Amino acid sequence: KTQDTTDVAIIGAGPSGAAAAAWLAQRGLDVRVIERSCFPRFSIGESLLPQCMVHLEACGLLDAAKAGGFQTKNGAAFTWRDRYAAIDFRDKFSSGPGITWQVERADFDQRLIEGARQLGAQVEFDTRVDAFVADPERPRLTLVDANGEQRSLHARFVLDASGYGRVLARLTGLARPSTLESRCALFTHIEGRIDYARYDCEKILIGLHPEHPGIWYWLIPFTHGRASVGVVGDRAKLETAGINDKERLWHFIQAEPMLAELLANAKATRDVSRLEGYSADVEQLHGPGFALLGNAGEFLDPVFSSGVTIALDSALRAAPLVERQLAGEHIDWDSQFEQPLRRGVATFREFVDAWYDGRLPRIIFNDQQIPRIRAMISSVLAGYAWDEDNPFVAASRRRLNSLAEVCTDRHRHNDGKDE
Ligand code: FAD
């Protein structure tokens, strides 16, 4: 066994790892990113939110991402039965960019980590972190390379950006189940052959199953006619159809009229993948000599595409604190990192809850909304979930409750029935 040292060790080269690495390397710190796989590698999480652009700029990776020429995205469209509603992020309440991208993550993630490397971070692919010893000043990782060779890496601080690997949550016993219900996602990439005269490819399309309220779909167009499509729902429900996941995905797509029509000529370009039980949480987002970023800490739900935004937000909150701690300052990770990060996550959680219990669909499909209220909703959906000036951030639950009630009343009034 040989021994090795660095200032900051980062586990995982996804967006949160790359962003933290880029930020810290630019400040002259010695940064080592340890990545289990070889890039480019597939990852789900393809629809970004405009708030991401602020973070990409802050860590110096915006130009590296821009060079990818990704499909622009300016909002989210929703469909349920014969209804259609679009939210344009450019009409949002908070200040900041209103446009972002829909990205194939293999390419996007590779561009980000390559950008971080060019800013001075060292990256080791095909090497996994296998063990960890916490220590406030000298935490230690055990690395295993592709040949099974083990070695130790001593750092002055460790950031866990290992996503669904949840490396430190598992190794330190911080993992705890999410309070959100366990759900299942089936998805693939397609040659869309979509008639874009019928649908705005600058918006993610979220469809709701006409009969089963807990089942929903995404369609995320990329450039060059490609797109990502998926269905999410209770596993047992999804398994009532077809004998394998491919059949199940296409069976459910046929049940949603707009998707069925848009994807009538689509051709899959990869096998159908399944992810389930992905919502996860931890007791605490930090410990002696380490902090957890992105999905390595908490993951909520895919419905509002908040994953990469939260991942980048966590990286840009942690990195400056790491720099200050290594310069000798005392950092209270609870009040300076965990609490402010969790406040924005809590906003998204309220929106996720309101999506699954039907309040948010009622709000979204209500066509008589006051533009200012619509702008506040749009802001959260654009990722500005930390902007306390927005009443739908400062008091999400109360605001969503009362708005949903008004929408229900209007609905009764208009249709003579509740949904
Ligand atoms: P990741 O991007 O997962 O990167 C973690 C890296 O760590 C990986 O490269 C992995 O190989 C590496 N790693 C793991 N274990 C180890 C180890 N032991 N040693 C070394 N390296 C390791 N988010 C969005 O923003 N938009 C969406 O549209 C969206 N859709 C989603 C759909 C579904 C069905 C699901 C489940 C999630 C979706 N997400 C979406 C969430 C998104 O996938 C994640 O939030 C995001 O990828 C998190 O980034 P990260 O940097 O935390 O981790």
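A: Helices are DSSP runs of H or I with at least four residues, and strands are runs of E with at least two. On that basis, the protein chain of this predicted model comprises 14 helices and 22 strands. Its C-alpha atoms occupy a box of roughly 70 × 45 × 40 Å along the principal axes. The radius of gyration is 22 Å, which agrees with the value near 22 Å that a compact globule of 419 residues would have.

Of the 419 residues, 50% count as buried, and the largest nonpolar core has 133 residues. Within this core, Ala20, Ala21, Ala22 and Leu159 have the most contacts. For the chain as a whole, 74% of the contacts between residues at least 6 apart in sequence join residues at least 24 apart.

The core can also be placed relative to the domains. Domain 1 spans 3-72 + 100-178 + 279-345, and domain 2 covers 184-276. At least three residues of the core come from each of these two domains. The domain centres, taken over C-alpha atoms, are separated by 30 Å. Where the domains meet, twelve residues of domain 1 are in contact with 13 residues of domain 2. On the domain 1 side of this contact, four residues are nonpolar, six are polar and two are charged.

Notes: Residues numbered from 1 in each chain as written. Predicted model: local features only at pLDDT ≥ 70, side-chain atom pairs only at ≥ 80, totals over all residues. Domains from an automatic or database assignment. Contact = placed C-beta atoms within 7 Å. Nonpolar A, V, L, I, M, F, W, Y, C, P; charged D, E, K, R; others polar. Core = buried A, V, L, I, M, F, W, Y, C linked by C-beta atoms within 7 Å. Buried ≥ 20, exposed ≤ 12 C-beta atoms within 10 Å, placed from the backbone. Rg over C-alpha atoms; globule rule 2.2 N^0.38 Å.
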